[in-house]
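Please read the following note beside the sequence and the model. The points may be taken in any order.

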Amino acid sequence: MTPERWAQIKEVFVAVADQPASARDVTLDRLCLDDDDLRLQVEQLLSQHGKAGQFMEATPPLPAARATSERLEPGSHLSGRYQITKFLGSGGMGEVYAADDLELGEQVALKVIRQEGRVGPAMLDRLRREVQLARRVTHPNVCRVYDLGRHTQPGHDLIFLTMELIAGETLAERLRREGKISSTDALAVAVQLCHALDAAHHAGVLHRDFKCGNVMLIGSGEQVRAVVTDFGIARWIQPQTDTQSNASQTMPAGTPAYMSPEQLAGQPLTAASDIYALGLVLYEMVTGARPFRADSPLAEAFKRLNEPPEPPIKATPELSENWNYTILKCLEREPGKRFASAQEVIESLRGTAAASAPSARWPGKTSIHRTATHNRSIRRNWIAAALLFVLAALGFAVRDRIWSPRLPAQKHVAVLPFTFAGNDPSDGATTYGLAQSLSANLARLQPTESSLWVAPWSQTRSRKADGVGNAAAALGVNLLVTGSVEKNGERFRVHADLKDALTFKSLRSQIVDVPQAERVTLEDTLLERVAGMLQVKLPAGMLHHLPVDETVVPGAYEFYEQGRGYLLHFDGDNVERAIGLFQKAVEQDPNFALAYANLAYAYAWKFHRTQDTKWRDLAKQNAGKAKALNDDLASTHLALAMVGRDTGDIDAAVNEFQRALRLDPADDETLNLLALTYDDAGQTLQAESLLKDAVKRNPANWVNYNFLGSFYYRHAQYAQAELLLRAATQLAPDNPSPLNNLSGVLLAEGKYKDAEEILGRAITVKPTKAGYSNLGYAQFYQARYKDAAQMFQKAAELSPADDRLSRNLGDAYALAGEPAKAADAYARAVQQVQKLLALRPRDPQLLQNLALYYAKLGRKQNAQGILAQAVRFSTRDPEFIFNTGVIYELTGQRDRALRELHEALRSGYSLSELQNAPELSQLRADKRYPQIVSGPPD
Amino acid sequence: MSDKNEETQHRSNPVTSLLAELRQGNKEAEAKLIPLVYQELHRLARHYMRGEREGHTLQTSALVNEAYLRLAGEHNVDWKNRAHFFGMSAQIMRRILVDHARTRDAKKRGGPMQKVSLESAFVYSDNESWQVVAIHEALNKLAEWDARQCRIVELRFFCGLDVEETAEAMAISPTTVKREFQHAKAWLHGELSKTAGD
C-alpha cells in the first residue's frame, strides 16, 4: 500500500460512508470512474464498516488481577528447592519472604519479582548478567545476591531472586519509628553505606536505586551494622521491557523520590548518581525528611530538577558543618560537582578531608572561595589515596611491615602441591592427596567465609612450589600455602607455610608431626592448622570427613590416601591404579568403609566410561559393603547416583545425588552431575539453577563454567554457551575438555574456521576422542569428507563403543563416495547403540539414534517403529525435534519433516545445522523450505 | 525556559506548566514530562494489576485519568492540558496493554522450550488479548503509510480520548478525527477478520 493510494481510498470512503446505501452507487461511480480496483477496495471497507458495530468503541479493559491474593503461603515450595517460611514484607518490586534452600540447607531471603509485561529472552539475559554483576560485590555491608530463579506452575510463572537473609529493619522503617537519627549514630551508618557503595563502584557496579528502603539496619547506636540491598538489580525490575519503543529506552529506572536530576532527565547514570541518592539518604537520616518535599511525586521531582535543596542545617540546627556541607555537595545538580567517590564522603563527614572544616554554612555566594580550597585539598587527598592504593597493590607485606602484621582482608589462596623428601612413589601419591584434600577442604569454607577464595586445585596442581612470583599473577591469588612432607622413621612430618604470593615471603608456618600409627589424623590436623594460619573458622562438623576411628589399621589408610590421590586425576590409568590401592586398603582392613566407598566410586566412573556392566556390578557390590559399614559417606551415594544415571534410573540417581550433596554440600562435581540428571529428566530450570549455583559458589573453578556452558549448548543457547566455555578455557587453558566443548559450540554456530583453530589447540594439549570428532565435524562441514573420515576414525579408535562416531564416520564415507564403507559404519553404529539400549531401554536419545541409523541403512520400517518409541519417552529438546525431522525426511515423510524442523528452529535450534545437514539437501530444494526458515520468529 | 515565565511557573503546579509549554510546542517540556508520566502510569498499572483492588476491571482511560489527577492535582480541570497529557500517555498505554496481551498469548501457544516467557497474574479473556495484539500489529502496518491515522487510533482506542480531546491533542479538527477513526475502524475490522480467518 502506498500513502497516495491509501489517501485516495480514504477520500472516497469518507465521502460515501455516511450516505444511505441507495445513494452510494452514484457517488462511487462518480469518484472511482473506471478504477475498478479502487471501487472494490472502498466497497470492501464499506462492508466492514457495516459489520463493525461496537468494534473498538471502548478502550480495552485493563487486565484485572486475580481476585485471590498473590501472596505465597508459608510451606509452599518454589522450583522444588525453596520452601517459604515467612512473609517479611513487600517492596517496590514484589514481596520478600524468608525461605529455606532445601538443596543446600540454608536460609535465604527470597524476593518475588512482580513484573508487568513479558520477560523476553533478552530481558532475562540481562537479568542474569545483572545478577552475575551484583555477585561480584562481596562486602560485609552489601547484601549478597545468590541467584535468579523461576517457578513454574500451571497457568502462572514467577521470577524470584534469592539473597542473603538479613534480620533487621530497613532504614526507612527506623526513621518512621524514630523520626531522625543523631549525627553520631548516623555517622556509624553513613560510613558503612559509603563502604558499601565504594566496594560496589570499585567492582564496576552501580546501585541505581539507593534509598532508605534498601538499607537494612541490624542493631543500633554506634554498634549498628548497615547492609545495602538490591545492588544493581533495581534497574531491570523497573518497567523497562524489551520492546523497541523509543520511549522505553530513555525511561529512567529507580524510585522517583530518590532519583538524581540526570536520572530524571533520562541521561546515563554514573557513580555520581549513587552519590546523589546517598546525599538524599543522609539528609533524611539527620532531618527525618527528604528535601524537596512537595504534594506529589511529580512536583517533588520537578523541584529537584530546578531548585537547590533546603540546607539540612535549617531543619536540624545542631547538625555539624561537616555534615551540612557534605550533604549539600552530594546533592549538587551537576554530577561533576559532587564527591568523586563514596570514600571522599566519609572523609568529608569526619572532617578529615580538608585541613579545616568548611566554615560556610552552605554553598552560596560567600562560600565560593572556601569551596575551591576544599576542592584542592580533596585533590590532594586523591593523590594520597592513589599512592596508598599503589602501595596496597605492591603487596600487603609492605603494609604489614609498616602497620600491624595482618593478613589481607580478601584472602585469595592457592594450595600448591607439597614436596616430598624421599623416592618412594607411593609416598608421592600420599603427598599429592594431602595437598589436594587440603585445597578442597579450604574451598568448602568459602560459602561461610566471604573473605576467602581458594584457587581450584585443577589450576594449582601442576604448579611447582618454587619460582612462585608468576604463579601469583597466573592464579590471581595473594597467598600461597606450600608444604613439604617428610617420612622420618615411623613419623610423618608436614611443614606447611603460608606465604605472600608476590614476594614468596613466609608469613606464618606450622609443623604437623604425627606417628605413623596416627597417620589417619594427618589430614584433619593439617586443615585445622592451615585454617588457623589463615584466620578462618572451621564450622562445626567440618572435620568429620575423615572420622578418626575410620580405620585402625595404619597401612590401610595409607593405601586409601594414595588411592584418592590417583582417583582424582580421573583418567583411565590413574583410576586403575586407584582401584588397586583401594583394594589393598580393604585387604588390610576389611571394615574400612571409606575405602569401599571410593572403590565403588572408581568402578562407577569406569562403568560410565566403558558402559561395561561388569563395572556397574562391582560398583554396586562395593557400595553395598560401604553402606553396611557406614551409610553416611558421600562417595558411596555418588557412586550409586552415577550408576543410576547411567542405567536410566533417574529417580534413584536424583535421590542418591541429593543424599551425597547433603553429606558434602560444597562438592561441585556432585552438584553438576545432579544438574545433568535433572536436565535428562526434563527439569531444565532446576538443572540450570543448580549449575549456576555451582558457578556462584566457586566462580574460579573452570569445571563449573564447563558444565553450565555445555548445558546451554544442549539447549541451543549458543551465545551463552560460547561465553561460558570461553571463560572455562581461560581458567584452564591446558585442559582439553573446555576447548573441545567450545569447539562444539562454534560448530553449532557455523564458525568452522574458529572451531578448527580451537581444536588444533585442544589436540596439541591432548589428543582425545572429542577433539578428533569435532575436528572431523569441522572438516565435514567444509566438505572435506576424506579428511573428516580420517578424524572420525581416529576418534573411534580412542572410544570404540561410541555409536555416534560410527554414524559420523558413515556420513563422511557416504559423501566421500564410499557407500560400502558407509554401510559398514552405520551397521556398527546400530550394534553399539543396541548395547547401550540394553542398559537403558527407555532412553529417548538412544532410541532416536537407533532409528536414525536404521533410516540411513534404508530400513524404513525399523526406523519408524523405533522413532515412535523414542517420541513416547522424549521431553522434546531442540536436538530431538531436529533429529526427528531428519528421520522423517530419510524415511520419505516430507510434510512431517518440514513441520518438525520448523519447530526445532522455533525452539532455538541452530539454523546453520539445518542449512548444512547433508541428509536434508533434497528437503532444502523444496519450495516450502524457505517458509520454515523465514517463518515468524515467535 | 524564558525568564518572564519563570515566576508564574514556580507558583503553579509543575505539570500544568510543563503541559502548557508542551502546548506551545516546547519539546524540552515533553522530554521532562515523559519519564514522570511513564513512571506514574506504570506504577498505577502495576498497582491495579497486582490486585490491590480486587476483582475490579478498569478501563484504560480511567487509569490514565487517575494518573493525570495524581500528577497534576485534583483542582486542575483544564481539559486541554488533560488532552495533551493523554496524548503523551497513549503510546505508553499501548505498550503496557500489548505486552500483557502478548504474555497471555505466548502461554496459549505453548510448545516446547518456552524458556523465558513469564505470565503475569492477569486474566484476559482470550478474545480480548488476541484483539489487542492484532490491532497493535495492524497499526504497525498502518503507520507505514498513514502515521496520523495511526496516532488517532492510539489516542481513541488505547487511551480512551474522545473526539474533541483527540482533536485538541493533535491540533486538528474534530470532524477530521471522526472521519479518520471511522475509516481506520473499517480497515482494522477487515484486517482482523482476515487474520481470524487464516
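1. Basis of the note. This is a predicted model, in which local features need pLDDT of at least 70 and side-chain atom pairs count only at pLDDT 80 or more, while totals for chains, interfaces and linings use all residues. Residues are numbered from 1 along each chain as its sequence is written, and chains are lettered from A and ligands numbered from 1 in the order in which they are written.

2. A three-stranded sheet. Helices (H or I, at least four residues) and strands (E, at least two) are DSSP runs, numbered from the N terminus. Two strands pair if DSSP finds at least two bridges between them. In chain A, three strands make an open, antiparallel sheet in the order 9-10-11. Strand 9 (169-170) and strand 11 (225-228) of chain A each have a single partner strand, so one side of each is left without a neighbour in the sheet. Four bridges join strand 10 (residues 215-218) of chain A to strand 11 of chain A, and I218(A) lies opposite R225(A).

3. A hairpin. Strand 16 (residues 491-500) and strand 17 (residues 506-515) of chain A are antiparallel partners over nine bridges. D497(A) faces S509(A) of strand 17 of chain A. Five residues separate the two strands of this hairpin, and F504(A) in the turn has a positive phi of about 65 degrees.

4. Two packed helices. Helix 9 (residues 271-287) and helix 12 (residues 321-330) of chain A pack at an angle of about 140 degrees, their axes being 7 Å apart. Axes are lines fitted to C-alpha atoms over the stretch in contact, and angles run from 0 to 180 degrees between N-to-C directions. Residues are in contact if their C-beta atoms, placed from the backbone, lie within 7 Å. Among the contact residues are I275(A) and Y276(A) of helix 9 of chain A and W323(A) of helix 12 of chain A.

5. Helix 39. Why does the length of helix 39 (residues 894-906) of chain A agree with expectation? At 1.5 Å a residue, its 13 residues should span 18 Å, and its end C-alpha atoms are 18 Å apart. The expected span is 1.5 Å times one less than the number of residues. Just after this helix of chain A, G908(A) has a positive phi of about 105 degrees.

6. Residue Y566(A). Is Y566(A) buried or exposed? Y566(A), in helix 20 (residues 554-567) of chain A, counts as buried because it has 23 C-beta neighbours inside 10 Å. A residue is buried with 20 or more other C-beta atoms within 10 Å of its own, exposed with 12 or fewer, and partly exposed in between, C-beta atoms being placed from the backbone.

Terms used
Two residues are in contact if their C-beta atoms, placed from the backbone, lie within 7 Å.
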